Amino acid sequence: MNLWPQSQQMLSADEGARAGAPAPERANGGVKPLPEDVIALIPMRNTVLFPGVIAPVTIGREKSVAAAQDAAKRERQVGFLLQRDPTRDTVGPDDLHWVGTVGQIARYVTAPDGAHHLVVQGQSRFRVLEFLDGWPFLAARVAMVEEVQESGAELEARFMQLKQQSAAAIELLPNAPEGLAAVVQGIDSPGALADMVANFLDVKPEQKQELLEAFSVRARLDKVLTLLGNRVEILKLSKEIGDQTRKAFDERQREHVLREQMRQIQKELGEGEDTAAEIEELKKALDDAGMPEDVAKHANRELKRLQRMQEGGGEYGMLRTFLEWLTELPWKAEQAKPIDIAGARKVLDDDHFGLEKVKRRILEYLAVRKLNPDGKSPILCFVGPPGVGKTSLGQSIARATGRKFQRVALGGLHDEAEIRGHRRTYIGALPGNIIQAIWRAETRAGVLMLDEIDKVGAGGFQGDPSSALLEVLDPEQNSKFRDNYLGVDFDLSKMMFIATANVLDTIPGPLRDRMEVIQLPGYTEEEKLEIARRYLVKRQLEANGLKPEQASLSDAALSAIVRDYTREAGVRNLEREIGSVLRNVAMRIAEGKAQSVAVDAADLQPILGARRFESESALMTGVPGVATGLAWTPVGGDILFIEATKVPGTGKLILTGQLGEVMKESAQAALTLTKGRLAEAFEKSDVHIHVPAGATPKDGPSAGVAMYLALVSLLTGKPVRSDVAMTGEISLRGLVLPIGGVKEKVLAALRAGIRTVMLPRRNEKDLEDVPAEARAKLEFLLLEKVEDAVHCAIPEFQEGVSADSGARQRTALG
């Protein structure tokens, strides 16, 4: 809403005729001159000319043109009157206001299109006395209205107030003519200022006519002030609203303009897409996806929202991506594949050597699924040291069951959104890893491996991923798994989940309770040799670009690598060493030094270097005070050396080797038990027990027997047999208590060259888990009391150190 439109815009509207009016002849020959008190009149449709104002006027009616031409030719003034009805083309005295303004035509221009343009300067007001006939234009006898000069404080106050309001109005105008403020402030006549302001006021023509007819300067000032005050208030309110609106919408308009420009640029580059066709294609994909009814309803509702959005809007891309995810997920029920138990058994046997318990469990699952296709899938958790084949076993299960395989790495995961997905309100939101894996597999009845589930990070401000996995791994809940990104239920009950872990201790109890744990202990030397023959050598031949006829490793070479260059529960390092040997062979063949190479045990040292492992127990237990214990670690079993010595002192116990609280208590119990039987040996000595290596923390309730034997060996001066290893906890009564990890410890003893293993009698049942070939190579002594261990590990202890003390020792120890 403008307070004072530009003068060109206002006054160009007061032309006399509409477009298409015939142009009159310009010659004024034969027109009698007007008397001195008579002037020619030009009717104005919507504009009022004020005295002192210079304004452009466009005319077109025949009488108006004739009046203007006559006045211009005779250099006379012309009068301008406002029509009562602006729509009438032919007007008479009754159609005009009788008060107008006399103006002088300063310029007359005829345009090529026939329009007549005048530049007129208003002179003074006049009043029509009577209209006269006899001229080809309107003419009237008029009386000039002289400006009455008034003065006084009230008039001066109105004059100053009008100037102030005019300045305020000009500041509020967005398109005020340049220099208008200076012109207004330079007027020193109250009547002239009122006429100037009235000329620019954005009010109706009738209101301007009232101002023109206000001959009293004071009355005119009052009316102008009233109208101007109203317009200023409206302008202020309009500006305030405009500022608020502009502030709120400027950023959005800017983004809209930029996106529109981008769209046009893409269109020019031929990169634009037909939005309607895309939405129709998306609708068809939603219809064909086979979604459940509630999911389809939600998707169609979101599609309708998408259709109402601008393509360049920020939410448009997010919503479209969401709908694309829905269309690409496997919603349809899949036809069950026939299950071949014999074929699955063959696949498992071909891919993995040993692991009979695991294979039997998989075949049991397939048999149940064959008889009950709608049953729930089990949640298996393979627990074992690195390199024993947990991940590859999952791939074999997928092959055996004819399913697609996907793997999700959980190691170091600390954000719940990685499992459940991010909510769509976040920029860059995506579904969680579970839904993404199913999307990659293109089936909801595949095999999904959750690798390293024991290494999931602890919960924090980003949520607890372990708790999020509860819903995934619960057969009673995962049929309606809800991903935060999708916001709808998805059925995971047909998916076969397999988790892997190195240890169970770090898996939360509720999560561990939902899984069927299957232990995968380490391999024996014979199993490693067979695995190397069947799989590792072949895989490394292919990796190093060798053919079977170009390189071969004898069984003796493979056994030497297993025995002398690796000591692990799995076969990962074994495969690396085989790869090192075959790379050396590949280099010799590539250099042309040989066509084929057969590697034997004697050829390993130049290639792999000196042997890295040997029978440590034979070296370290050849002196009194040293016993070989067995320990369980997350990467398999291991041997542990317990060293004891005594120094002059007062009978204190010194422990080193970063022992945990449980092992410290075992050492104290062993010392107390020994003191109870050989008290005089400790009267003037301190006992120091050390467990190498000192930089490795150690703990666990299975070192009591080894510590007791080390102390007995120290006091008797007789070494413990180097081919004997032991495990078991002791009580102060001398009883040997059961322990865990028997299979891992036994296999560690076999790898270390041990011949005899001493175990608690109550662990006899655990020997069934030890492979038969390992049991055949080892002698087992089952202990009920510590005396049984002493008789086996220190056969010479009866000879004693002295005759009298030896007798007491024989009596005390057995």
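How many cavities of 30 Å³ or more does the count come to? In this predicted model, in which residues are numbered from 1 along each chain as its sequence is written, local features need pLDDT of at least 70, side-chain atom pairs count only at pLDDT 80 or more, and totals for chains, interfaces and linings use all residues. Side-chain values use heavy atoms, with hydrogens and water left out.

The count comes to three cavities of 30 Å³ or more, a cavity being a set of points on a 1 Å grid over the protein atoms alone where a 1.4 Å probe fits but cannot get out. The largest cavity holds about 60 Å³ of space, the volume being that filled by probe spheres set on the points. Its lining (residues with an atom within 4 Å of a point) consists of Glu 525, Lys 528, Val 562, Arg 563, Thr 566, Arg 567 and Arg 751, and by class comprises five charged residues, one polar and one nonpolar.

The whole structure contains four aromatic pairs, defined by ring centres within 6.5 Å, with planes under 30 degrees apart counted as stacked, over 60 as edge-to-face and the rest as tilted. Trp 98 and Phe 131 have ring centres 5.2 Å apart and planes at 75°, so this pair is edge-to-face. Trp 325 and Trp 439 form a tilted pair, with 4.9 Å from centre to centre and 50° between the planes; Trp 325 lies in helix α10 and Trp 439 in helix α15, so the pair ties together parts 114 residues apart in sequence.

Notes: 1 Å grid on protein atoms, 1.4 Å probe; cavity = no way out; pocket = protein on both sides within 12 Å on 5 of 7 lines; lining within 4 Å. Nonpolar A, V, L, I, M, F, W, Y, C, P; charged D, E, K, R; others polar. Phe/Tyr/Trp six-rings, centres within 6.5 Å; stacked < 30°, edge-to-face > 60°. Helix = DSSP H or I, 4+ residues; strand = E, 2+ residues; numbered from the N terminus.
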